[in-house]
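Visitor: I'd like to go through the charged side chains and the metal site here. Can you put the structure up?

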Amino acid sequence: MTLKLKNTFTDELPADKNLENSRRQVFNACYSYVGPQKTSNPELIHVSSDLTNTLGLDEGYTKSKAFLNVFSGNMVVEGTTPYAMCYGGHQFGHWAGQLGDGRAINLGEIESNNTSWVLQLKGAGETPYSRSADGLAVLRSSIREYLCSEAMYHLGVPTTRALSLALTGDQVLRDVMYDGNAAYEKGAIVCRVAPSFLRFGNYEIFTARQDVETLKALLNFTIKHHFPHLGQPSKETYISFFNEVMQLTLSMIIHWQRVGFVHGVMNTDNMSILGLTIDYGPYGWLEGFDYGWTPNTTDRQHKRYRYGNQPNIGLWNLYQLANALYPLIEETEPLESILNAYKTDFEIKSLDMMRSKLGLELQLKSDEKLIEDLEDALQLSETDMTIFFRNLANFRKEEDTDNSLKAIEEAFYKPNEISDVVRQTWTNWMKSYKIRLQKENRSDDDRKKQMNTVNPKYVLRNYMAQLAIDDANKGDYHLIDELYQLLKKPYDEQPQNEKWFAKRPEWARHKVGCSMLSCSS
Ligand code: AMP
Ligand code: MG
């Protein structure tokens with residue numbers, strides 16, 4: 001087969017007239033034409049068979065030289081004109097001006113089953129938006145993005161996907177902890193796939209520059225292709241659009257909270273307009289349940305993007321998007337009421353999500369207290385989130401409370417150091433939980449079945465990705481495939497994979513890449 005790509009984005013939206021690949025401010029344009037950089041010795045490490053099926057790519061093609069060449073940036077598909085998008089963004093709470101695809105190059109759109117998917121190479125070389133950086137990506141961060149995108153998809157969390165992971169054969173210089181110890185690492189390219197890679201920052205940049213014409217063109221394009229059910233462009237349509245983006249963003253963040261995912265860099269340039277998890281950088285998974293945790297060392301001081309703050313930041317980012325859309329709406333009231341609805345909807349959805357994690361079908365007022373008490377208890381001593389919720393499904397309504405504590409103990413990182421006060425708190429909570437469960441009509445078995453569809457057994461723990469990275473740096477890619485296969489069925493019992501249903505090992509507690517990640521990638 002040959003790859004057939006369309007390009008509605010470049011066909012319908014204004015291009016940068018300058019065709020030079022030089023770093024600059026780009027005005028009155030949504031993108032700049034730029035091709036990927038040639039790589040010296042590309043090698044495919046992994047292809048997501050699940051996604052190739054979705055995209056209708058046959059095996060013969062994914063194993064061909066043409067596939068390797070296209071997805072390592074060495075060959076441009078005939079008749080296509082790759083491009084980098086122009087966007088801005090608020091980074092860590094401050095307007096950062098023009099950012100843009102500094103190392104992502106969009107190849108075009110593939111159509112499959114009436115859905116259109118943009119193919120984008122990350123790490124494929126410089127663009128006009130590369131600013132002071134090299135346009136490249138290293139193997140470690142590419143493995144993290146590749147595995148996590150696919151894992152999130154299978155967890156049911158809205159996300160961009162990853163089609164392929166390739167080595168470039170080139171070396172890339174990085175100072176991982178920004179401490180003056182730069183070293184060469186293997187370069188890599190991930191092909192990311194999504195219906196659109198548009199971010200809040202794509203709209204913000206035009207408003208910041210008072211370029212209402214391009215803003216309007218981009219917004220109309222977005223509605224036409226991605227929110228067609230909203231109808232023809234009008235003020236009312238723009239308001240409904242903002243409401244949908246609010247709902248999509250909120251729903252994505254509730255999913256993050258459910259599975260214990262911490263994005264790490266929720267800047268507005270990393271917020272997808274489709275409510276997809278995008279830009280897997282210094283993200284991490286909760287091990288011990290802790291609202292204050294962030295994996296991002298760059299954010300260590302203020303912890304703006306900590307687990308417990310993700311819902312607030314989602315709202316803060318939506319305020320920036322509201323400001324960006326304002327010139328086309330010119331009324332604050334409808335935007336404000338949508339932003340206010342985020343807060344009330346969050347309370348409702350968050351409560352529902354926690355009820356589902358606890359296996360509660362009835363909606364009782366007293367559940368709020370039960371859930372609050374649980375969140376407090378979980379933070380009294382380091383308690384593994386994934387193991388706790390998974391094991392909780394084994395609780396039997398008639399069980400005596402001492403026994404039930406035993407099941408939960410597996411989630412304590414230091415079971416021998418649990419104080420009497422903590423133990424008593426847990427015993428009390430278990431008693432309340434038991435009383436609450438007895439109000440439910442469902443059998444224990446049915447409850448367990450439901451809980452196991454929302455509480456994953458397997459997530460991409462930070463140390464697991466690091467083990468795959470360490471092996472890959474030595475040229476061994478088996479673990480990448482093992483984790484890819486494991487995380488395709490995160491809610492299933494997989495007896496042969498029980499070793500991955502385990503607490504983070506002690507060696508990983510303070511290891512770079514496991515609990516500490518920088519933005520260097
Ligand atoms: P991030 O923090 O990864 O979301 O990136 C913020 C901005 O920096 C985006 O515009 C990226 O495209 C750009 N960027 C990050 N890393 C690089 C790189 N190695 N080369 C060029 N641009 C980069
Ligand atoms: Mg980004």
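Visitor: Is Lys499 buried or exposed?
Guide: Lys499 counts as exposed, at 52% relative accessibility. This is a predicted model.

Visitor: And which residue does Lys499 form a salt bridge with?
Guide: With Glu482; the closest N and O atoms are 3.4 Å apart. Glu482 lies in helix 17 (residues 478–486) and Lys499 in the segment after helix 17, 17 residues apart. Glu482 is partly exposed, at 28% relative accessibility.

Visitor: Which residues are joined into one network by salt bridges that share partners?
Guide: Lys122, Glu145, Arg192, Arg199 and Asp279.

Visitor: Switching to the metal. What coordinates the magnesium ion (ligand 2)?
Guide: Asp279 again, through OD, and Asn270 through OD1, at 1.9 to 2.2 Å. Both residues are buried.

Visitor: How many salt bridges does a search of the whole structure find?
Guide: It finds 35. One of them pairs Lys224 with Glu12, with 3.1 Å between the closest N and O atoms. Lys224 is in helix 7 (residues 212–226) and Glu12 in helix 1 (residues 8–12), so this pair ties together parts that are 212 residues apart in sequence.

Visitor: What about Glu12, buried or partly exposed?
Guide: Partly exposed, with a relative accessible area of 35%.

Visitor: Last topic, the surface. Which residues form a negative patch?
Guide: Glu236, Glu331, Glu333 and Glu336. Glu331 sits in the loop between helix 9 (310–329) and helix 10 (333–358), and its relative accessible area is 39%, which is partly exposed.

Methods
Residues numbered from 1 in each chain as written. Chains lettered and ligands numbered in written order. Predicted model: local features only at pLDDT ≥ 70, side-chain atom pairs only at ≥ 80, totals over all residues. Heavy atoms only, no water. Donors = N, O, S within 2.8 Å, 3.2 Å for Na, K, Ca; no water. Buried < 20%, exposed > 50% of the residue type's maximum accessible area, 1.4 Å probe, protein only. Patch = residues over 30% accessible without salt bridge, like charges linked within 9 Å, V, L, I, M, F, W, Y side chains within 5 Å. Areas by Shrake-Rupley, 256 points an atom, 1.4 Å probe, with all protein chains shown as cover. Salt bridge = Lys/Arg side-chain N within 4 Å of Asp/Glu carboxyl O. Lys, Arg positive; Asp, Glu negative; His and termini not counted. Charge placed at Lys NZ, Arg CZ, Asp CG, Glu CD. Helix = DSSP H or I, 4+ residues; strand = E, 2+ residues; numbered from the N terminus.
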